[in-house]
Amino acid sequence: MTVSIAAHHDHDHAACVADVLARAEACCDASGARLTPLRRRVLQTLAQSHVPLGAYDLVERLGTDGERPPPMSVYRALDFLVAEGLAHRIESRNAFLACGRAHEADDVIVFLICERCGLTDEVASHAIGRDIAWATRAAGFTPRTPVLEIAGTCARCRAQLAAAATGATSGD
Ligand SMILES: [Zn+2]
Ligand SMILES: [Zn+2]
Ligand SMILES: [Zn+2]
């Protein structure tokens, strides 16, 4: 996917990348996990995009801003980041997204995936999480953190579509 990151600069993106890294450092300090330079670089590269990146894309991007690491090390770094809750795997896209927030045990993570530009946001729902926890416990089942992926249109694309519709008299 060739969506420019700049297309999503409607917020202080540098702060948003810094937040992800600061949280990762704090989490690893607390858990004793090691945020190695490669793991940090992988997380930083993921955080630079609000469009989930495939593992291959990620290796390519890492290669453009420094020495290109072996793909296997990148995959292992991704496994680490996902296991530590610092990144998420978006199953429907087979891609990864940095996470800057702490999740409660009973939360459901809801990914809002734009079908037009790929922008992916996440929201957490405690209410849905509680319902799922009850239902799964009643079945004697121990779930992983449940995840919902919802495809649709992001606010920005919706605004662009609305603007295009009102200007459609010029014929495009
Ligand atoms: Zn951002
Ligand atoms: Zn998250
Ligand atoms: Zn969009």
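A residue is counted as buried if 20 or more other C-beta atoms lie within 10 Å of its own. The views below come from a predicted model.

**View 1. Overview of the protein chain and its two assigned domains, domain 1 (11–102) and domain 2 (103–172).** The chain contains six helices and five strands, which follow one another along the sequence in the pattern α-α-α-α-β-β-β-β-α-β-α.

**View 2. The meeting of domain 1 and domain 2, where 11 residues of domain 1 are in contact with eight residues of domain 2.** On the side of domain 1 that touches domain 2, the residues divide into five nonpolar, four polar and two charged. The centres of domain 1 and domain 2, taken over C-alpha atoms, are separated by 21 Å.

**View 3. Helix α2 (residues 37–47) and the elements that its buried residues pack against.** The buried residues of α2 are Arg39, Val42, Leu43, Thr45, Leu46 and Ala47. Packed against these buried residues are the helices α1 (13–31), α3 (55–64) and α4 (71–83), together with the strands β1 (87–90) and β2 (95–98).

**View 4. The pairing of helices α1 and α2, whose axes come within 9 Å.** Two packed helices are described by the angle between their axes and by the distance between those axes. For α1 and α2 the axes cross at roughly 150 degrees, and the crossing is right-handed. On the α1 side, Val17, Val20, Leu21 and Ala24 take part in the contact, where they meet Arg40, Leu43, Gln44 and Ala47 of α2. The residues of this contact divide into six nonpolar, one polar and one charged. Leu43 and Ala47, which belong to this contact, are also listed among the buried residues of α2.

**View 5. The open sheet of three strands, arranged in the order β4-β3-β5 with mixed pairing.** Strands β4 (120–125) and β5 (147–152) stand at the edges and each has a single partner strand, so one side of each is left without a neighbour in the sheet. From one strand to the next the twist averages 25 degrees. Strand β3 (residues 108–114) pairs with β5 in the parallel sense over six bridges, and Val110 stands opposite Leu148 in β5. Helix α5 (residues 126–138) lies across β3 and β4, and runs at about 60 degrees to β4.

**View 6. Arg116, placed in the loop between β3 and β4.** Arg116 has 14 C-beta neighbours inside 10 Å and therefore counts as partly exposed, because that class lies between the buried limit of 20 or more and the exposed limit of 12 or fewer. Once its neighbours within four places in sequence are left aside, Arg116 is in contact with Thr153 and Cys157. Thr36, by comparison, is 80 residues from Arg116 in sequence, and the two are 35 Å apart in space, C-alpha to C-alpha.

Terms used: Residues numbered from 1 in each chain as written. Chains lettered and ligands numbered in written order. Predicted model: local features only at pLDDT ≥ 70, side-chain atom pairs only at ≥ 80, totals over all residues. Pairing = 2+ DSSP bridges. Helix = DSSP H or I, 4+ residues; strand = E, 2+ residues; numbered from the N terminus. Axes fitted to C-alpha atoms, helices over the stretch in contact; angles between N-to-C directions. Contact = placed C-beta atoms within 7 Å. Domains from an automatic or database assignment. Nonpolar A, V, L, I, M, F, W, Y, C, P; charged D, E, K, R; others polar. Left-handed = near helix turned anticlockwise from the far one by under 90°.
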